[in-house]
Amino acid sequence: MIYHSTRNEKEKADSKEAVLTGLCRDGGLFVSDALMDIKLDLRELMGLSYEGTAKRILSLLLNDYSTEEISDAVSRAYGNTFSDAAVTPLTPIGKDWLLELYHGPTCAFKDVALQMLPQLMSKALSGSEKKILIVTATSGDTGKAALEGFKDVENIGIAVFYPHRKVSDIQYLQMATQEGENVAVCAIEGNFDDAQTAVKKLFSSDINKDLAKRGIFLSSANSINIGRLVPQIVYYFEAYKALVKKGAISLYDEVDFCVPTGNFGDVLAGYYAKLMGLPVGKLIVASNANNVLTDFLSKGVYDRNREFKKTISPSMDILISSNLERMLYYMSGGDTELISELMRELSDTGSYEISSDMLSRIREVFDSGCADDSETREAIREAYRETGRLIDPHTAVGYKVMKEKKRPDIPCVLLSTASPFKFCHDVWEALSGEDASKGGAEPPMASTDEKDGFYYMDRLSEKTGEKAPLALSRLREKPVIRRDVVAINDMPSYVLREAMENIRF
Ligand SMILES: *Cc1c(COP(=O)(O)O)cnc(C)c1O
C-alpha cells in the first residue's frame, strides 16, 4: 500500500510516513491506487466484532503496521473508551436508521477517528528518538476530542488553544477539567481565527528549531490525515452488518447513507467503503446554510466566494471541504494533473468547474441537499414528534435532507454525529418552539440565567426523560485544573515553555 499525493504521483509515502506527515509537501492529500483493488468479503466480516472489523480494515489500508501494532492500537482506541458495547450502535428512527457515532469520550463522532490517530502516530514513532507535539486551535469541539485521544499517549504531547470566554460553558468545562500528563490547555485573548492564524504561524516560526534540538517536532491532528480517515470506514461496514443482523436487509442488498457534512471526511469514508465492496447505493451529502457542496454536486461548480454563515451546526460551517479533493481524484480516474489544476484555480479564484462527464459520474454515487437553521430546528421538532428521537442540530440537517432525498424501498442510514446533549440550548429552543406554537406553557426563554451551562441540560432531560451522557453530566463534579490564559503574541513562548518544562512525552 503506497500512498502518493492527489496532485503528483511522484510524492510517495508508506502509511506510517503518511500518518506522521498528514499533508503532502505539494499541498495535496495522500491517496492510494490500491484502494480500488481491495474487495472485502462481507460474509467473513459478519462474524467479526467492531474491533475485529477495525483490525481487518486498518491492516489492509495501513499495511506497514504489524498485526500486533494494529491489534494494540485498536484495543486501546475502542476497548473501553466508548460507552456502548457496539461502539457505534445502529437504532431505528421512524422507518429509517440512525448510526450513533457519539458514544465516545467527548460525545461527538470525531472521537472515532481521534481515539485512533494518536495510537497510529505513537506506533509510527516507536523505535525513533523523536517526539511529536500536536498543536491545535479549536472553536470548541475538535480540540477536546484531540485532547482525549492524545492524553497520555507515549512519545506525543498536545497543546490546545481556544478563544477565551468564546466557547460554551460546557465546552469550557470540558477543556478546563482535562486530565493528562502530556497536555497543555490554554485560552487565548482573541477569537478562533486569531488562534488558528497564530497556530499556523507557529509551524513556520523559530521555536521549531529550539524544539527540534530536543527532538520535538510540531504536528497537527488535521482531518485530512489518513490516520483519521481510515478508522471512519469501519462504521459503514458495521452499520451494514447491523442491518443484516436485524433482518432489515439480506446480505449484498443495497443501502443508502445520509451524512451531515463539513470537511467531507465522514462521507468520504463511506465512498471508500463502497470502493472496498460495501453495497452502498447513494451517499447523500447534507450541508447546512454553508451549502457549497450542495451547489457543487448539483451543478459541477465549486464556488467558495460567498458569505460565511454561522449556524447552529457549527462543525459544518465550512466553505472549503478539504477531503473532497480525494473523491475528485478517484472520480477522475487518478488524474493528478487535473486535480492540481482544479486546486490551483480554487486557491487563485476561489472556484472551479468540472466537466459534465465527471459530474454525471459523481452524481451516480453522490446526492446532496441542505438545511438552513430554521429548517434544522423544524427537523429537530419533527424527528422528536414523529419518531420520539432526540437529535442534535448536525444530525437534524441530515434528517431534513434524508427525508427529501431518500429513495423508496432502499433502507437509509443517517449518520448521527453528535449527542443532542452537546447542544442542549439549541435543541431545547427547537423543541420549545413546537410547544409555543401549540400555545403550550413553557417557561420564557429570556428569563433563564445562562451562567450555568447545565441549565438547559436539565431542562432537556426533564422534557424528554432522556439522560445526558455521563461524560457531560459528570463535568459538574470535576475540578477545574487548567486556568492558563495568554495573549496571542505570547503563544510561541507558552508552547516552548510547556514543551520543555511541563508536558511529559
Ligand atoms: C466534524 C463534524 C461534522 C462534519 O464532518 P466532516 O468529516 O468534516 O464532514 C458533522 N457533525 C459534527 C458534530 C462534527 O463534529
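A polar contact here is a pair of N or O atoms within 3.5 Å. Keep that cut-off in mind for the first stop. The model on screen is predicted.

**Stop 1: the ligand**

Select the ligand and Ser315. An N or O atom in the Ser315 side chain sits 3.4 Å from a ligand oxygen, so the pair falls within the 3.5 Å limit. Taken alone, the ligand exposes 380 Å², and the protein buries 96% of that.

Now show the backbone of Asn263. There, a backbone N or O atom lies 2.7 Å from a ligand oxygen.

Which residues come closest to the ligand? Select Lys110, Gly262, Asn263, Asp266 and Thr417. They belong to a shell of 14 residues around the ligand. Colour that shell by class: 5 residues are nonpolar, 7 are polar and 2 are charged.

**Stop 2: Phe264**

Phe264 lies in the loop between β10 and α12. Check its backbone torsion: phi is near 70°, a positive value in a residue other than glycine. Is Phe264 buried or exposed? Its relative accessibility is 1%, so Phe264 counts as buried.

**Stop 3: β10, α12 and β11**

Switch to cartoon view. Select strand β10, residues 255–260, helix α12, residues 265–275, and strand β11, residues 280–287. Together these elements make a right-handed β-α-β unit.

Look at the two strands. β10 and β11 run parallel and are joined by 5 bridges.

How many of its residues are buried? The count is 8 of 8, so strand β11 is mostly covered.

Pick Ser287, then its bridge partner Cys370 in β14.

**Stop 4: the sheet of β1, β2 and β3**

Go to the start of the chain. Three strands form an open sheet here, in the order β2-β1-β3, with antiparallel pairing. Why does one side of β2 and of β3 lack a neighbour in the sheet? β2 (8–13) and β3 (30–31) stand at the edges, and each has a single partner strand, so one side of each is left without a neighbour.

Zoom in on strand β1, residues 3–5. β1 runs antiparallel to β2, and 3 bridges join them. Select His4 to find Lys12 of β2 opposite.

**Stop 5: Asn155**

Jump to the loop between α7 (141–150) and β7 (156–163), where Asn155 is found. Asn155 is not a glycine, yet its phi is positive, at about 70°. Its relative accessibility is 13%, so Asn155 counts as buried.

**Stop 6: Lys400**

Finish in helix α18, residues 393–405, which holds Lys400. Is this lysine, Lys400, buried or exposed? Lys400 has a relative accessible area of 17% and is buried, because the cut-off for buried is under 20%. The side chains of Lys400 and Glu404 make a polar contact at 2.7 Å.

Conventions. Residues are numbered from 1 along each chain as its sequence is written. This is a predicted model: local features need pLDDT of at least 70, side-chain atom pairs count only at pLDDT 80 or more; totals for chains, interfaces and linings use all residues. Side-chain values use heavy atoms; hydrogens and water are left out. A residue is near a molecule or strand if one of its heavy atoms lies within 4 Å of it. A polar contact is a pair of N or O atoms within 3.5 Å; within protein, one must be able to donate a hydrogen and the other to accept it, and residues adjacent in sequence count only if both atoms are side-chain atoms. Accessible areas come from the Shrake-Rupley method with a 1.4 Å probe; for residues, only the protein chains shown count as cover. Ala, Val, Leu, Ile, Met, Phe, Trp, Tyr, Cys and Pro count as nonpolar, Asp, Glu, Lys and Arg as charged, and the others, Gly among them, as polar. Buried means under 20% relative accessible area, exposed over 50%, partly exposed in between (1.4 Å probe, protein chains only). Helices (H or I, at least four residues) and strands (E, at least two) are DSSP runs, numbered from the N terminus. Two strands pair if DSSP finds at least two bridges between them. A crossover is right-handed if, with the strands pointing away from the viewer, the path from the first strand over the helix to the second runs clockwise.
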